[in-house]
Amino acid sequence: MAKLIVEGGRKLKGELDVQGAKNSALPVLSATLLCRGESVLHSCPAISDINASIRILRYLGCNASMKGHTIVVDSSNMNRSDIPENLMAEMRSSIVFLGSIISCTGQAKMYFPGGCELGPRPIDLHLSALRKMGVSIDERYGCISCKVKDKLKGAKIVLPFPSVGATENIILAAVLAKGTTVISNAAREPEITDLCEYLTKCGAEIYGAGEGTIIIYGVESLKPAEHTIIPDRIVASTLMACASVTGGDVTLNGIIGSHIDAIVPLFEEAGCVVKIKDGRLKITCPERLKAFKSVRTMPYPGFPTDAQAVMMSVASVAMGTTVFVENIFESRYRHIEDLTRLGANIKVAGKVAVVEGVRKLFGAKVSAKELRGGASLVVAGLSAEGTTEIEGINFLERGYEELEVTLSNLGADIRKV
Ligand code: EPZ
């Protein structure tokens with residue numbers, strides 16, 4: 001298995017373009033099923049979750065190919081409505097295809113997405129919403145079989161939790177449904193807004209994306225469109241974390257400042273200077289960071305759970321104490337055992353983790369257990385004295401495009417073997 005070897009202590013300096021957002025490209029790829037014809041998507045990240053989605057689209061009968069960061073999808077010849085277990089197992093977020101497959105074929109068959117490394121990943125909110133829109137769903141043997149008698153119909157749906165995936169599946173089911181759908185307590189993540197921008201270009205009638213209530217008026221049909229995916233705010237946060245633990249001075253191109261409003265103040269509290277202008281972010285970091293007081297993960301626009309792990313690595317080497325509260329996922333602290341192996345001082349009690357910053361981390365052999373936890377080990381390795389070996393980098397490759405190349409270009413001593 002490939003692994004990353006990091007020699008810590010090198011300052012990061014330089015400039016780079018931030019990759020397109022994985023969590024926007026995935027639902028947008030699902031949405032291309034709804035428009036018969038050729039859609040062109042720019043700024044798609046070259047990562048394994050995107051490759052998995054392209055395999056699913058091809059399995060469903062679409063023409064899908066990626067050249068550089070542009071994906072062209074022609075769903076005119078879609079001829080299947082099921083996703084086989086092996087393709088579902090490759091990527092948990094393949095559940096985001098459910099709404100669009102039902103919407104364009106009147107049926108769908110897929111498997112419960114693999115529980116993933118963040119604890120159980122229930123889809124009860126997705127299924128109860130689809131039932132309200134007229135879908136009959138049979139859940140047996142780990143398989144979900146969906147059928148709509150005639151057409152999906154609009155419904156009033158109140159989400160008990162602003163689930164990102166459930167919001168996306170409801171939107172994908174509602175745009176071609178009969179009548180109006182109102183989603184209350186909808187997720188407000190920028191990736192939802194980006195999905196709705198693509199669908200609006202295709203002719204959908206969606207109002208309120210990015211707010212708590214989204215209204216969708218079903219239309220007869222959608223036409224394909226060209227769209228550029230928004231930059232990945234979690235990758236940007238990860239790169240800022242890498243710069244901050246190395247006393248670096250890094251410029252990130254392609255930033256939407258409002259998407260990282262909950263992140264930037266933490267770096268400033270830690271003593272970094274962050275300047276954002278015309279889509280470029282410059283972060284200049286001190287030799288020694290001061291601890292930011294607390295991090296509570298919340299639905300957007302609160303602090304994103306996907307940035308919790310990398311910020312924990314920053315807190316691990318800052319002066320002072322930081323309290324983390326993980327409110328979104330049940331077990332999203334699996335990186336703590338490996339950070340501890342590197343010398344971090346972290347105490348966990350349920351969803352609370354207290355980090356006492358230490359002067360130095362020391363390189364060791366560690367292994368990634370999931371995507372963002374793996375990224376936190378890279379951040380820690382860049383700061384640690386000596387050599388850090390990171391296994392399980394297949395997790396990293398799900399969401400980060402050649403992270404070791406990106407970091408080497410900024411002066412890090414990191415290589416994949
Ligand atoms: C999306 O996952 C993202 N994935 C996750 O990013 C991100 O962490 C998460 O949103 C929260 O922002 C993609 O967009 C592909 P949720 P999703 O539904 O849709 C519970 C990454 O690192 N829940 O908002 O699965 C669930 O168990 C990934 O890029 C239910 O109980 O997130 C979790 O505790 C990791 N029932 C919470 O809600 C449901 O039916 C948030 O889940 C659905 C969710």
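# Reading pockets, cavities and sheets

Modeller: Helix 1 supplies four residues to the lining of the largest pocket, the largest share of that lining. A helix here is a DSSP run of H or I with at least four residues, a strand is a run of E with at least two, and both are numbered from the N terminus.

Colleague: What kind of model is this?

Modeller: The model is predicted, with local features needing pLDDT of at least 70 and side-chain atom pairs pLDDT 80 or more, while totals for chains, interfaces and linings use all residues. Residues are numbered from 1 along each chain as its sequence is written, and side-chain values use heavy atoms, without hydrogens and water.

Colleague: How is empty space found?

Modeller: Rolling a probe the size of a water molecule over the atoms shows where empty space is left. On a 1 Å grid over the protein atoms alone, a cavity is a set of points where a 1.4 Å probe fits but cannot get out; a pocket is an open set with protein on both sides within 12 Å along at least five of seven lines; lining residues have an atom within 4 Å of a point.

Colleague: What volume does the largest pocket have, and which residues lie nearest its centre?

Modeller: Its volume is about 1200 Å³, which is the space filled by probe spheres set on the grid points, joined across faces, edges and corners. The lining of the largest pocket has 45 residues, and Arg92, Arg121, Val164, Gly165 and Phe329 lie nearest the centre.

Colleague: Which helices supply at least two residues each to the lining of the largest pocket?

Modeller: They are helix 1 (22–31), helix 5 (124–132), helix 6 (164–174), helix 8 (233–244) and helix 12 (371–383). By class, the lining of the largest pocket holds 22 nonpolar, seven polar and 16 charged residues. Ala, Val, Leu, Ile, Met, Phe, Trp, Tyr, Cys and Pro count as nonpolar, Asp, Glu, Lys and Arg as charged, and the others, Gly among them, as polar.

Colleague: Into which domains is the protein chain divided?

Modeller: There is domain 1 (4–15 + 232–416) and domain 2 (23–228), with bounds from an automatic or database domain assignment. Their C-alpha centres lie 31 Å apart. The contact between them (heavy atoms within 4.5 Å) takes 21 residues from domain 1 and 19 residues from domain 2. Each of the two domains gives at least three residues to the lining of the largest pocket.

Colleague: What lines the second largest pocket?

Modeller: Its lining has 18 residues; Val245, Glu287, Arg359, Lys360 and Ser383 lie nearest the centre. The second largest pocket holds about 360 Å³ of space, and its lining has six nonpolar, six polar and six charged residues.

Colleague: How many cavities of 30 Å³ or more does a search of the whole structure find?

Modeller: The search finds two. The largest cavity has a volume of about 50 Å³, and Leu4, Ile393, Leu396, Glu397, Tyr400, Glu402, Leu403 and Glu404 line it. Helix 13 (393–396) and helix 14 (403–409) are the elements that give two or more residues to this lining. Its residues divide into five nonpolar, no polar and three charged.

Colleague: Which residues line the second largest cavity?

Modeller: The lining consists of Pro231, Asp232, Arg233, Ala236, Gly254, Ile255, Ile256, His259 and Ile260. The space in the second largest cavity is about 40 Å³. Of its lining residues, five are nonpolar, two polar and two charged.

Colleague: How do I read a sheet?

Modeller: Strands of a sheet pair through backbone hydrogen bonds, either parallel or antiparallel. Two strands pair if DSSP finds at least two bridges between them. Strand 17 runs parallel to strand 18 (residues 321–325), joined by three bridges. In that pair, Ser294 stands opposite Val323.

Colleague: In what order do the strands of the antiparallel sheet stand?

Modeller: The order is 6-8-7, in an open sheet of three strands. Strand 6 (107–111) and strand 7 (135–140) are the edge strands. Strand 7 and strand 8 (residues 143–148) run antiparallel and share six bridges; here Ser136 stands opposite Lys147 in strand 8.

Colleague: Which strands does helix 4 lie across?

Modeller: Helix 4 (residues 98–105) lies across strand 6, strand 7 and strand 8, at about 150° to strand 6. Axes are lines fitted to C-alpha atoms, for helices over the stretch in contact, and angles run from 0 to 180 degrees between N-to-C directions. Helix 5 lies across strand 7 and strand 8, at about 145° to strand 7.
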